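Please look through the model below before reading on.

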Amino acid sequence: SSGINAEYGPADFVYLAAETTPDSLTTGILETIERMDRGEVMTVGEMHERVTAMYSWSDVTRRTEQVYRECSKPKQPLTSRLDLQWSRAPVAGTLYYICYAISYLIFVITSWLQPEHTIEVVPCRYEDGIVEKGRPNRLGR
């Protein structure tokens, strides 16, 4: 067993031992060198071709956009969230109120020091795989 999780990559990409002890790594390296000499190990080019076939940037982009859309959905009003925290645990709720007040104070100070209209806007946005031009950045791109 290579000890690799299929979620992270194919098991036949791993040639070393599952254990990370010096002896098992040394044995794994020596066995891999012998397998390379016999032509039993994939070349870097063959691995690249397999990885290229396994992953799609458009799919990665689509899934990333889904996460951002989910995170940007409107949430319940702040007062409802604070009341919920208070009702679940008065002590923790009090700490939550204090942490929120400090965070809000930091937000107000930061907004005053660096107003939103002075922050550079991303030059383009992606919707359904189509690139739409946005406002240019400071460099005019």
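What percentage of the contacts in the protein chain with a separation of 6 or more comes from residues 24 or more positions apart? Such residues account for 27% of those contacts, a contact being heavy atoms within 4.5 Å. The model is predicted, with local features needing pLDDT of at least 70 and side-chain atom pairs counting only at pLDDT 80 or more, while totals for chains, interfaces and linings use all residues. Residues are numbered from 1 along each chain as its sequence is written, and side-chain values use heavy atoms, leaving out hydrogens and water.

Five helices and two strands make up the elements of the protein chain, and their order from the N terminus is α-α-α-α-α-β-β; these are DSSP runs, with helices (H or I) of at least four residues and strands (E) of at least two. Of the 141 residues, 11% are buried, that is, under 20% relative accessible area with a 1.4 Å probe and protein chains only.

Helix 4 (residues 78–88) packs with helix 5 at an angle of about 145°, their axes being 5 Å apart; axes are lines fitted to C-alpha atoms over the stretch in contact, and angles run from 0 to 180 degrees between N-to-C directions. Among the residues that meet are Leu82 and Trp86 in helix 4, and Tyr97 and Tyr100 in helix 5.

Leucine 95 also lies in helix 5 (residues 90–113), and is exposed at a relative accessible area of 52%, exposed meaning over 50%.
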